[in-house]
Amino acid sequence: LGLPVGWRADRARRVGIVAGGVFLWSVMTALCGTAKSFAMLFAYRMGVGVGEATTQPAGYSMISDLFPPTKRGFALSIFNLGTAIGSGLALFAGAQVIHEVSKYEGRIDLPLVGEIFPWQLVFILLGLPGIPVAVWAATLREPRRMGALRMTRAEDGTLTARPVSVREFFDYVRAIGVPFAAAIICYALIAMGGYGNSAWLPSFFQRTHGLSVVEVGRWMGVLSVSFGVGGIVLSGYLSDWLIERGYARGRVVLLALSGIGAAPFMLGMATARDPHVALWLLGPAYVATALTSAAWAAVITEIVPNQMRGLAVAL
């Protein structure tokens with residue numbers, strides 16, 4: 001549903017889209033803790049994904065209206081800190097919750113929910129706090145759209161942005177061609193590595209180095225919050241710094257350096273015999289991978305006009 005959400009973000013109030021997305025994924029995360037079958041867990045997890053599909057198209061579009069190009073990279077890096085801090089805290093807090101609930105034998109009986117396994121309690125405890133955040137997000141001010149491609153003049157002379165059709169969007173993308181495709185392919189390849197790491201590193205450290213789930217969660221949480229956050233901030237700062245000094249391709253160069261820079265550290269991590277050496281090699285790998293976050297987002301918001309940014313980010 002990323003594409004329909006992106007299409008809607010180019011036409012509707014983006015604050016409402018973000019607030020609705022946060023509410024949806026928070027509720028769905030909590031519901032994962034109530035699942036009684038694989039099918040229910042699968043459906044709820046899909047709901048989490050639908051909620052998550054809202055923040056980047058709508059968020060990037062709003063930030064591009066609030067900040068000029070020379071400040072946009074750093075602003076987007078602050079926005080993307082949520083990913084590093086949130087995932088890091090989820091790993092760390094999740095490890096702590098798992099440690100505590102593992103003391104329970106058998107199942108836990110909750111009011112209105114019934115009996116659940118201890119691991120399901122983690123979903124409930126980490127999902128419910130997002131609901132008041134969604135309510136707060138709904139009160140934010142909607143920024144005025146800047147630099148619209150199509151304008152409509154009303155009888156009183158007021159100019160308003162006219163929505164761009166999906167066909168016009170793809171005609172525009174086809175016209176800019178290679179830069180747009182290159183940015184998407186670059187980000188997709190780096191994201192593939194990032195999602196692969198998050199899915200398999202905990203199991204890797206358990207099987208290869210004998211660490212417990214709690215140990216891995218604590219270590220990876222700390223590394224994500226520290227090195228991951230540092231890399232994201234560095235991404236925004238460097239991309240703006242290069243643009244301000246007239247190096248037009250600076251953001252794209254950062255994308256290239258991200259993938260190249262992470263490779264040796266990931267290779268060293270995978271082949272290290274000492275678990276602590278392997279974990280510390282993850283730090284600079286996180287920094288290198290994080291260089292994509294703000295640089296890529298700024299590239300996309302600059303390569304397409306305002307009324308196409310939501311759909312472009314979703315694509």
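Me: In this predicted model, what does tryptophan 25 count as, going by its relative accessibility?

Reply: The general idea is that a residue is called buried under 20% relative accessible area and exposed over 50%, with partly exposed in between. Tryptophan 25 has a relative accessibility of 25%, and therefore counts as partly exposed. Tryptophan 25 is found in helix α2, and, once its neighbours within four places in sequence are left aside, it is in contact with Val48, Gly51, Glu52 and Thr55.

Me: Which side chain has a polar atom by the backbone oxygen of tryptophan 25?

Reply: An α-helix has 3.6 residues a turn, so residues three or four places apart point the same way. Here the backbone oxygen of tryptophan 25 lies 2.6 Å from a polar atom of the side chain of threonine 29, a residue that is also found in helix α2, which covers residues 14–32.

Me: Is threonine 29 buried or exposed?

Reply: Because its relative accessible area is 17%, threonine 29 is buried. Not counting residues up to four places away in sequence, threonine 29 touches Val48, Phe123 and Gly127. Its C-alpha atom is separated by 7.1 Å from that of arginine 45, 16 residues apart along the chain. Arginine 45 is found in helix α3, residues 38–52, and counts as partly exposed at 45% relative accessibility.

Me: Which residues of helix α6 are buried, and what do they pack against?

Reply: In α6, which spans residues 118–127, the buried residues are Pro118, Gln120, Leu121, Val122, Ile124 and Gly127. The buried residues of α6 pack against helices α2, α5 and α7 as well as strands β1 and β2.

Me: At what angle do the axes of helices α10 and α11 cross?

Reply: Two packed helices are described by the angle between their axes and the distance between the axes. The axes of α10 (residues 213–244) and α11 (residues 250–271) come within 8 Å and cross at roughly 140°, and the two helices are therefore oblique to each other. On the α10 side, the contact is made by Ser235, Leu238, Ser239, Asp240, Leu242 and Ile243, and on the α11 side by Gly250, Arg251 and Leu254. These contact residues divide into 4 nonpolar, 3 polar and 2 charged.

Me: Which residues does serine 293 touch?

Reply: Not counting residues up to four places away in sequence, serine 293 touches Asn80, Ile232 and Ser235. Serine 293 lies in helix α12, residues 275–303, and counts as buried because its relative accessibility is 11%. The backbone oxygen of alanine 290 lies 2.8 Å from a polar atom of the serine 293 side chain.

Me: Where in the protein chain is confidence lowest, and where is it highest?

Reply: Where pLDDT is low, the predicted coordinates should not be read in detail. Confidence is lowest in strand β4, residues 159–161, at a mean of 67, and highest in α2, at 95. The protein chain averages a pLDDT of 86, and 96% of the residues score at least 70.

Note on methods: Residues are numbered from 1 along each chain as its sequence is written. This is a predicted model: local features need pLDDT of at least 70, side-chain atom pairs count only at pLDDT 80 or more; totals for chains, interfaces and linings use all residues. Side-chain values use heavy atoms; hydrogens and water are left out. Axes are lines fitted to C-alpha atoms, for helices over the stretch in contact, and angles run from 0 to 180 degrees between N-to-C directions. Helices (H or I, at least four residues) and strands (E, at least two) are DSSP runs, numbered from the N terminus. Angles under 35 degrees count as roughly parallel, over 145 as roughly antiparallel, 65 to 115 as roughly perpendicular and the rest as oblique. Contact means heavy atoms within 4.5 Å. Ala, Val, Leu, Ile, Met, Phe, Trp, Tyr, Cys and Pro count as nonpolar, Asp, Glu, Lys and Arg as charged, and the others, Gly among them, as polar. Buried means under 20% relative accessible area, exposed over 50%, partly exposed in between (1.4 Å probe, protein chains only). A polar contact is a pair of N or O atoms within 3.5 Å; within protein, one must be able to donate a hydrogen and the other to accept it, and residues adjacent in sequence count only if both atoms are side-chain atoms. pLDDT is the predictor's confidence in each residue, from 0 to 100.
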